[in-house]
Amino acid sequence: MRLFTQVTTLSAAILAIACACYAQTPVRFARYPAPSPDGKQIAFSWQGDLWLVASTGGEARRLTVHEGYDYAPIWSPDGTRIAFTSDRYGNDDVFVLNLRNGSVQRLTFWSGRDRALGWTPDGKAVLFESARDWEPYGAEPCAYVAPLSGATPYRLHDVPGTSSALSLDGTRVAFVRRDGSWWRKGYRGSASGDIWIHDLKQNHFARLTDDNVPNTQPLWSPDGRTLYFLSERDGIYNLWAMDVASKTVRQMTRYQGDGVRFPQIAYHSGLLAYEQGLDICTLDPASGEVRILHIVAPSADVRKPQGFWQQVRGDVSEYAVAPNSKEVAFVVRGEVFVTRYPDGGTARRLTETVEPEYNLCWSLDSKSLVFTSERGGTTNLYLLTSDDPEEPRLRRTNKIKTERLTNSPQPDTSPLFSPDGKKLAFRRGNGDLVLLDMETKKERMLLHHWNLGQFVWSPDSRWLAYELQDNEYNSDIYILSVEEGKSVNISRHPNNDINPSWSVDGRALAFPSQRDGRNFNICYLFLRKADDEKSKADWQDEEDAKYDAPQKPDEKPKEQKGEKEPVQIDFEDIHDRVRQITRYVGGVQELALSPDSKKIAFRSSYQGQSDLYVIGWDGSDEKRLTTGGASPSDIRWSGDGNSLTFLSRARISRVAASGGTVQSTDFSAQMRVALSAEREYLFDAVWRTLNEEFSDPLFHGTDWASMRLKYRPYLQYVTEDRDFSAVIYLMLGELNSSHVGFTPRQSTNLESTETGMLGVVWANARDGEGLLIESVIPNTPAARSDVNLKPGERVLAINGKRLTPTINVWELLNGTVGEKTTLLVSRH
């Protein structure tokens, strides 16, 4: 009996181990299915990698393992390779997986978006779409061919269009003009995509569809007689088949509610595979049989845990330097941290919530921090202070007290302390300007509107300058008296004036304006008429008086007085005193006025790259402070006006106003990231935002409440940000609206690089040495007078590297933005 018990126990243990080894996870919301040429296998994307399963379903096996997002697999005609698209190097490029040895070859190197579409019939090259030859004009993508030899890609044909498909004999291209959004449901109108065929031998075009519903994603049958495509002609995206010769159409699927997404066809068997709802389905065109594939994956092979510890060293979305200039608070991934300023070092985490915090604002004494938080599904203001009377510094205290300042059903954002620290101005909803007394905690409505822009306090705390749109959506700058509640339009221009900046001495405003065209440029306004009338000599006399003026024995210096000197404003004809300081073709994207009102710091790309500049209030003494495309944002002057702090590439940076080396405030911290919880919050926030803000209260006939219930369960199957974005877009698509969108979180890829654009369009001919120039794009480096490249010339080498038949020119141009590039050119 004892022996039997031991054997039974051992058997149970073996069974438990076996069950654990063969535990399986259901595969739902798999993407981009592609049948093998013989129709026996399906490649698909799941969890950001490529997988393979039998066309009847079953257990899938992994094909790729990479941190990038691998998707859109396309089988080669002989079934030995799979082309796919991936952002392994920061942007979507085309790669080829060799199924025999597992090696991966990169085919495209341009830093824009490339996406694999198919193969040439001989299997020696991959078709993909890209907009590279039309940069920087951003035209529609065109179909290109990337040889496996590694040569520079060439255009399949000179026609912009998307979803291009090459017939199996290589003689015809089916493509879509004016293709729409794959996720939008129910569009009807003149912008609907239509399918065309280009006969490459005859150079003849034929339009196959001509109606007001979307037609997209054409696929050739193996015999070339039938074209399968998606169409909403029955109200939802279904698969249809068209006889190319007669143009007769028959319906292949009859889904309702949720249609077909991203179909692909087997080269030889003709089996169709596609997404529908959470499933991958197949369709046999001959029998009409539709099969839902039940797919599982080994649980041990499911990667990417949805919770992890993250080292925080950058990725700053906003910051606020304390008034005492000893600490800086900042936000990373929606959480608030604080560290020493400017030295940096170990950062202290002040918040720990799934909901994001933002809009940081320090109190005057540098002991408290106000911010916006979306805790509990509502957006309100909170106050952080130390709860330790012995240690008031937020960076050092072990006890933090969080106080909720507002409790409104409408979102409260953009808190801004008055310079005297007694009041807090903030935005409620989209356009109300509210004042909170920090002592009594009583609120006062200063302005009721539907679209309030940026606002700023006067240094004496008596005025607020703000940006406001009128009923024609034109923005002007107003000044409001806090005491009287009266506003004056001080810009009064038919084009937009935005984002005012008030000098610390209270005498001037600066703001970006569109008054000379489409681009914003700097405008400057003296608030006192006497200042506006001063000559250069008058200003020099005033400057001298600061240093030489006699002081009475009993007179205190101004900086020791308790209150700021009252700001004086001459409102009569004040709009006529606005001066335009810059007229850059590239415009000005952001500005900040110096404390003494004498200089303006700004961001502009008028010299080709987005960098930081300083200029005098009269347009003199312009100086470039950063180079190489630092893309500075959130520009702020130091209290003494000697330096500037800004965000550059998600790092807190600073530079002397006189110029010099840019320095960073480096820090380190740890935070726990819960991806699933973050996505649930973001999903709810997107739904809530549209629920509150969508232009049509009837949501274009959509039951918007039910859409949240429909798509939220998708999240349990999502592990990648791009799949999460797809879920969001599927929900947005239910609204049938042309002006909705979602911008996902942008992650940093250390291997990403930018491709330098010469400004030439390469000819398709590959019959000589190097690459032949077909055309030169105006106002690009190639068109410069000292370069002067011409059509018909050949570029033989770039930076000493010869352009051979196995060299991709775009790889040679990576990392050359803003750099001197040497070309060897044959002008014969």
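Mentor: Let us begin with C523, whose relative accessibility is 0%.

Trainee: Why does C523 count as buried?

Mentor: Buried means under 20% relative accessible area, exposed means over 50%, and partly exposed lies in between, with a 1.4 Å probe and protein chains only. C523 has 0%, which is under that limit, and therefore it counts as buried. C142, likewise at 0%, is buried too. Before we go on, note that this is a predicted model, in which local features need pLDDT of at least 70 and side-chain atom pairs count only at pLDDT 80 or more, whereas totals for chains, interfaces and linings use all residues. Residues are numbered from 1 along each chain as its sequence is written, and side-chain values use heavy atoms, with hydrogens and water left out.

Trainee: How many disulfides does the structure hold, and how do you know?

Mentor: A disulfide is a covalent bond between the sulfur atoms of two cysteines. The test applied here asks for a pair of cysteine sulfur atoms within 2.5 Å, and by it the structure holds zero disulfides.

Trainee: Why is α4 called roughly antiparallel to α5?

Mentor: Two packed helices are described by the angle between their axes and the distance between the axes. The axes of α4 (residues 675-693) and α5 (residues 704-711) come within 11 Å and cross at roughly 170 degrees. Axes are lines fitted to C-alpha atoms, for helices over the stretch in contact, and angles run from 0 to 180 degrees between N-to-C directions. Under 35 degrees counts as roughly parallel, over 145 as roughly antiparallel, 65 to 115 as roughly perpendicular and the rest as oblique, so roughly 170 degrees makes α4 roughly antiparallel to α5.

Trainee: Which residues make the contact of α4 with α5?

Mentor: Contact means heavy atoms within 4.5 Å, and here it is made by F683, D684, W687, L690 and N691 of α4 together with W704, A705, R708 and Y711 of α5. By class, this contact has six nonpolar, one polar and two charged residues, where Ala, Val, Leu, Ile, Met, Phe, Trp, Tyr, Cys and Pro count as nonpolar, Asp, Glu, Lys and Arg as charged, and the others, Gly among them, as polar.

Trainee: What makes β38 and β41 edge strands of their sheet?

Mentor: Two strands pair if DSSP finds at least two bridges between them. The open sheet has the order β38-β39-β40-β41, with antiparallel pairing. β38 (412-417) and β41 (443-447) each have a single partner strand, so one side of each is left without a neighbour in the sheet. The twist averages 30 degrees from one strand to the next. Inside this sheet, β39 (residues 423-428) and β40 (residues 432-437) pair over six bridges, and R427 stands opposite L433 in β40.

Trainee: How do you know that β56 and β57 pair?

Mentor: They share two bridges in the antiparallel sense, and at least two is what pairing requires. R654 has Q663 as its bridge partner in β57. In β56, R654 is also the bridge partner of T645, where β55 (residues 643-648) and β56 (residues 651-656) pair in the antiparallel sense over six bridges. β55 and β56 form a hairpin with two residues between them, and R649 in the turn has a positive phi of about 55 degrees.

Note on methods: Helices (H or I, at least four residues) and strands (E, at least two) are DSSP runs, numbered from the N terminus.
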